[in-house]
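Please read it alongside the structure shown here.

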Amino acid sequence: MATRVLAPAGALETAYATKSESYFSNARVDFVYRLPVDPTAAVLEVGCGTGATGQLALARGRCGRYVGIELFEGAAMRAREVLSDVIVGDVEQLELDWHPASFDALILSEVMEHLIDPWRTLDKLSRFIRPGGLVLASSPNVSHWRVLRELALGRFPLADSGVFDRTHMRWFTPATFVDMFESAGFRVVELRPVTPFSSRTEILSRLLGHRYDHLFMTQIALAAVRR
């Protein structure tokens, strides 16, 4: 286990000071079980927090090597206890030196909305994923009907979490989220809400021919493969 400090968190530390500990420690169980069982696989996660997702992936035989990139040293120091390697720093500023196609999968759980230029960052990361490799990503949906209601009322109420999180730099709809990954050399194979629709919402979605599902997704979940 190792932690490499390549760049300081800097002024962003203040912006995240109000985050609860759970913000950095929740495992993405849905992503772990989307990974194929392969104890020889290598997985890269950006924004690994305290390493809960990677710890579960390793324990469930989804990979044999799990590398994290984490902005904050406090969370990274805990992640180093359970992950294969942790790089501390801002992924947008880091000079990453892995060989091309070093990883079989990339996980980006609620990360892209926090970046200044997520399109450029995804381009940078894509070369480290092997052809056919999997990417799993999620982000809040700015086209959810509750967000549109707030905008119609002239409001954008900043909060400590959710789509109105004050630390967000970018916002996505399901369509623009897909476009970002497709333009970076990935083929999207699944688009769904992070939390499955309730039975009532599912009925409404079917009645509307699934044309307006973007109005009902609180968070977008995406699976894609490297071309």
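## A buried threonine

A residue is called buried when its relative accessible area is under 20%. The model discussed here is predicted. In it, Thr121 has a relative accessibility of 3% and therefore counts as buried.

Thr121 belongs to helix H6, which covers residues 118–126. Apart from neighbours within four places in sequence, Thr121 contacts Val91, Glu92 and Leu115.

## Strand E6 and its surroundings

E6 has a parallel pairing with strand E5 (residues 103–109), made up of 6 bridges. Within this part of the sheet, Leu106 has Val135 of E6 as its bridge partner. E6 also pairs with strand E8 (residues 219–226), here in the antiparallel sense and over 7 bridges. Ser138 is placed opposite Ala221 of E8.

## Confidence

What is the average pLDDT of the protein? The average is 92, and 89% of the residues score at least 70.

Residues 3–12 have pLDDT under 50 throughout. For this stretch the model shows 24 contacts beyond four places in sequence.

Note on methods. Residues are numbered from 1 along each chain as its sequence is written. This is a predicted model: local features need pLDDT of at least 70, side-chain atom pairs count only at pLDDT 80 or more; totals for chains, interfaces and linings use all residues. Side-chain values use heavy atoms; hydrogens and water are left out. Helices (H or I, at least four residues) and strands (E, at least two) are DSSP runs, numbered from the N terminus. Buried means under 20% relative accessible area, exposed over 50%, partly exposed in between (1.4 Å probe, protein chains only). Contact means heavy atoms within 4.5 Å. pLDDT is the predictor's confidence in each residue, from 0 to 100. Two strands pair if DSSP finds at least two bridges between them.
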